[in-house]
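Subject: A structure for you to look through

Dear colleague,

I am passing on a structure that I would like you to look at, together with notes on what was found in it. Please keep the viewer open while you read.

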Amino acid sequence: MAKTRITSEVDFDQPGKQQGFLRVPHSVHRSAYGWLGVPITVIANGTGPTLVLSAGVHGDEYEGQIALSNLANTLQPAQIRGRLIILPMLNAPAAEAGLRTSPIDGGNLNRMFPGDANGIPSQMIAHYHEEVI
């Protein structure tokens, strides 16, 4: 696995359905150990391929975010074979602010790939998506 500073609340190898956050480290005045949450759902059932679905690279593009959020909330493990990783709001800071780019670091996530594990939050997210997932 590629080195990363991002931690995950979900276990990618566990069967069943898990929902949680990728924790992107982000230090601010009120908390030296703060983090930004990127929602993630992992659904696994038996052996088979892994499919990754992501949306919200630009925070102001909502259609895909809504569709993947609905899918993540309704799909059950018995309905798939293999593993499905859903990232409905990849650029969570931008989506929460209703902006195209991140208000945290000004990053346009679409231009950050392949990212940097030790860079600004947008670069860390791009790196995690590209190298870890």
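Helices (H or I, at least four residues) and strands (E, at least two) are runs assigned by DSSP, and they are numbered from the N terminus. Please keep in mind that this is a predicted model, in which local features need pLDDT of at least 70 and side-chain atom pairs count only at pLDDT 80 or more, while totals for chains, interfaces and linings use all residues. Residues are numbered from 1 along each chain as its sequence is written, and side-chain values use heavy atoms, with hydrogens and water left out.

The overall fold

With those rules, the chain has 3 helices and 5 strands, and their order along the sequence is β-β-β-β-α-β-α-α. The radius of gyration, which is taken over C-alpha atoms, is 15 Å, close to the 14 Å that the globule rule gives for 133 residues, so the chain is as compact as a globular protein of that length. The globule rule itself is 2.2 Å times the number of residues to the power 0.38. The C-alpha trace spans about 45 × 30 × 30 Å along its principal axes.

A residue is called buried under 20% relative accessible area, exposed over 50%, and partly exposed in between, using a 1.4 Å probe and protein chains only; buried residues make up 43% of the 133 residues in the chain. The chain exposes about 7200 Å², of which carbon and sulfur atoms supply 51%, with areas taken from the Shrake-Rupley method with a 1.4 Å probe. If contact means heavy atoms within 4.5 Å, then residues 24 or more positions apart account for 57% of the contacts with a separation of 6 or more.

The cavity

A cavity is a set of points, on a 1 Å grid over the protein atoms alone, where a 1.4 Å probe fits but cannot get out, and its lining residues have an atom within 4 Å of a point. Grid points are joined across faces, edges and corners, and a volume is the space filled by probe spheres set on the points. The count comes to 1 cavity of 30 Å³ or more, and about 30 Å³ of space lies in the largest cavity.

Which residues line the largest cavity? They are Ile 6, Leu 22, Val 24, Leu 87, Leu 90, Ile 125, Tyr 128, His 129 and Ile 133. The strand β2 (16-25) and the helix α3 (121-132) each supply at least two residues of this lining, and α3 gives the most, with 3 residues. By class, the lining has 8 nonpolar, 1 polar and no charged residues, where Ala, Val, Leu, Ile, Met, Phe, Trp, Tyr, Cys and Pro count as nonpolar, Asp, Glu, Lys and Arg as charged, and the others, Gly among them, as polar.

Some single residues

Please look next at the loop between α2 (92-97) and α3, where Pro 114 is placed. The peptide bond from Phe 113 to Pro 114 is cis, with omega near 10 degrees, whereas most peptide bonds are trans. Asp 116 also lies in the loop between α2 and α3, and it is partly exposed, with a relative accessible area of 34%. Leaving out residues up to four places away in sequence, Asp 116 touches Gln 123, Met 124 and His 127.

Arg 5 and Met 124 are 119 residues apart in sequence, yet their C-alpha atoms are 7.6 Å apart in space. Arg 5 is partly exposed at 42%, and its contacts beyond four places in sequence include Arg 23 and Pro 25.

Is His 58 buried or exposed? His 58, in the loop between β4 (50-54) and α1, counts as buried at 8% relative accessibility. Beyond its neighbours within four places, His 58 is in contact with Gln 65, Leu 99, Arg 100, Asn 108 and Asn 110.

With best wishes

Note on methods. 1 Å grid on protein atoms, 1.4 Å probe; cavity = no way out; pocket = protein on both sides within 12 Å on 5 of 7 lines; lining within 4 Å.
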